[in-house]
Amino acid sequence: MKYLLVIGDGMADNPVEALGGRTPLQAAEIPGIDALAADGTVGSVRTVPVGMQAGSETAILAIFGCDPRTYFTGRSPMEAAASGIQLVPGDAAFRCNLVTLEDGDMPLGEKKILSHSAGSIDGASALEVMDVLLGNPDFQKALAAARMEIHTFPAFRQLAVQHRSDVSGITFIPPHDHLGEACGPLFPSGNERAEVFAELMRLAHGILDHHPVTEKRRSAGKLPANGIWFWAQGTAVELPSFREQYGCGGAVVSAVPLCHGIGVLRGLEMVEVEGATGELDTNFPGKLEATWAKLQEYDFVCLHLEAPDECTHNGDLPGKIQAIQWLDSKLVTPLVERLRGAGMDFRLLLLSDHKTLTATRGHDGDPVPYLLYDSTAPTGRGGTYDEAAGERGPFLERGDVLLDLLFDRKTHRQG
């Protein structure tokens with residue numbers, strides 16, 4: 001039996017007025033997924049525990065079988081694990097996004113956050129911006145005084161580590177949940193130690209805002225990478241062995257360090273696909289072939305697609321619908337066809353990790369629909385896969401029981 005977990009990041013949503021009151025899942029043409037739903041079980045699940053931050057850092061941790069209330073210490077330590085960055089006691093890790101702040105002569109605090117990803121900046125441009133920033137003597141001096149280092153990556157997602165860190169009492173706010181809002185009230189705050197991070201963000205804006213690399217992006221009609229944003233703080237974490245819990249190893253195919261990092265900490269193989277960007281232009285054929293190859297090697301594979309989430313953050317409703325449709329036509333449908341063609345029995349669990357709302361361009365922690373399909377036991381129940389169908393089906397209060405269902409463990413946890 002093969003076990004396939006498919007995560008369409010942020011594809012669940014609330015009804016959208018522009019879609020006539022339908023959700024993007026309802027508007028998308030997903031015949032392959034709907035066919036699995038018609039012969040499977042569709043329900044809803046709370047992946048984000050009540051009172052915790054709504055985001056992939058808590059939701060995917062739960063989907064991978066770890067209760068966030070027990071294991072969550074912050075998002076960035078999981079991303080650090082994917083990058084081979086070793087945290088020692090006293091270290092704290094932080095996401096350091098390249099962001100776009102509003103142009104204008106107004107004070108920095110009044111400038112709005114226009115993009116959490118600097119307009120989905122490409123890898124080469126991201127590294128160019130970071131070279132400018134880290135090569136600036138004033139920024140180098142400020143980093144050293146803060147006992148910090150920034151690890152650079154070819155994406156808007158950079159990673160910072162502070163040594164001998166104490167982040168207690170500091171509030172860090174994710175930029176993607178506050179797009180279109182003035183940045184000043186959202187800077188790190190809470191005590192005097194927060195000022196170190198806020199000052200680095202102010203300094204970075206001063207260095208980058210009118211630098212030639214920034215002006216080059218503006219002149220090309222692109223959103224400038226004229227700021228950085230610290231968030232997702234956390235300390236080192238250990239997760240239990242996936243093999244000991246479920247009896248098999250496996251692999252994670254994703255373009256997102258967080259998803260890879262959770263897999264690495266659980267003892268799963270991290271599979272990187274050339275050209276996988278986390279955006280709508282990701283390498284779909286490459287992800288398909290990587291997933292299929294790992295299904296020959298392991299009984300369990302997780303396939304994660306970030307594009308629906310990023311499209312929503314970017315205010316791209318047609319892109320979100322397209323991403324959902326391509327999840328169906330370019331990934332799920334051909335994988336199912338290959339599994340059947342090879343005569344392999346399989347169980348498939350498909351879901352959105354959390355809602356990402358078209359109305360706000362931010363995350364939401366309400367329950368999301370899940371689809372469970374077993375090729376050896378079709379239900380013939382009929383129906384489709386969407387939020388309304390999920391609400392009519394079984395409800396799971398805890399997301400960390402989902403893999404118990406996938407692996408058909410009879411005593412899955414509840415409560």
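**Close-up 1. Secondary-structure elements around the largest pocket.** Helices α5 (76–82), α11 (257–265) and α13 (307–313) and strands β4 (113–115) and β6 (157–162) each supply at least two residues of the lining of the largest pocket. Helices (H or I, at least four residues) and strands (E, at least two) are DSSP runs, numbered from the N terminus. The model is predicted: local features need pLDDT of at least 70, side-chain atom pairs count only at pLDDT 80 or more, and totals for chains, interfaces and linings use all residues. Residues are numbered from 1 along each chain as its sequence is written, and side-chain values use heavy atoms, with hydrogens and water left out. Strand β6 gives the largest share of this lining, three residues. The volume is about 810 Å³. Of the 38 lining residues, Pro154, Ala155, Arg157, Ala276 and Thr277 are the closest to the pocket centre. A pocket is an open set of points on a 1 Å grid over the protein atoms alone, where a 1.4 Å probe fits, with protein on both sides within 12 Å along at least five of seven lines; lining residues have an atom within 4 Å of a point. Volume is the space filled by probe spheres set on the points. By class, the lining holds 17 nonpolar, 12 polar and nine charged residues. Nonpolar covers Ala, Val, Leu, Ile, Met, Phe, Trp, Tyr, Cys and Pro; charged covers Asp, Glu, Lys and Arg; the others, Gly among them, are polar.

**Close-up 2. The second largest pocket.** This pocket holds about 190 Å³ of space. Its lining includes Met52, Phe72, Arg75, Phe172 and Trp231. Strand β7 (residues 227–234) contributes the most, three residues. The lining has six nonpolar, three polar and two charged residues.

**Close-up 3. Phe284 and Trp326.** The whole structure has 13 aromatic pairs. Rings of Phe, Tyr and Trp (its six-membered ring) pair if their centres lie within 6.5 Å; planes under 30 degrees apart are stacked, over 60 edge-to-face, the rest tilted. For Phe284 and Trp326, the centres are 5.6 Å apart and the planes at 75°, so this pair is edge-to-face. It links helix α12 (residues 284–297), which holds Phe284, to helix α14 (residues 317–341), which holds Trp326, 42 residues apart. Phe284 is buried at 2% relative accessibility; Trp326 is partly exposed at 24%. Buried means under 20% relative accessible area, exposed over 50%, partly exposed in between (1.4 Å probe, protein chains only). The charged end of Lys330 sits over the Trp326 ring, 3.9 Å from its centre. That term requires NZ of Lys or CZ of Arg within 6 Å of the ring centre and within 35 degrees of the ring normal.

**Close-up 4. Phe300 and Phe407.** These rings form a tilted pair, 5.8 Å centre to centre, with 40° between the planes. Phe300 lies in strand β10 (residues 300–305), and Phe407 in the segment after α16 (402–406), 107 residues apart. Both are buried.

**Close-up 5. The open sheet.** Eight strands run in the order β9-β8-β10-β1-β11-β14-β2-β15, with mixed pairing. Two strands pair if DSSP finds at least two bridges between them. At the edges, β9 (269–271) and β15 (395–396) each have a single partner strand, so one side of each is left without a neighbour in the sheet. Strands β11 (residues 346–351) and β14 (residues 368–374) run antiparallel, joined by five bridges. Leu349 stands opposite Leu372 in β14.
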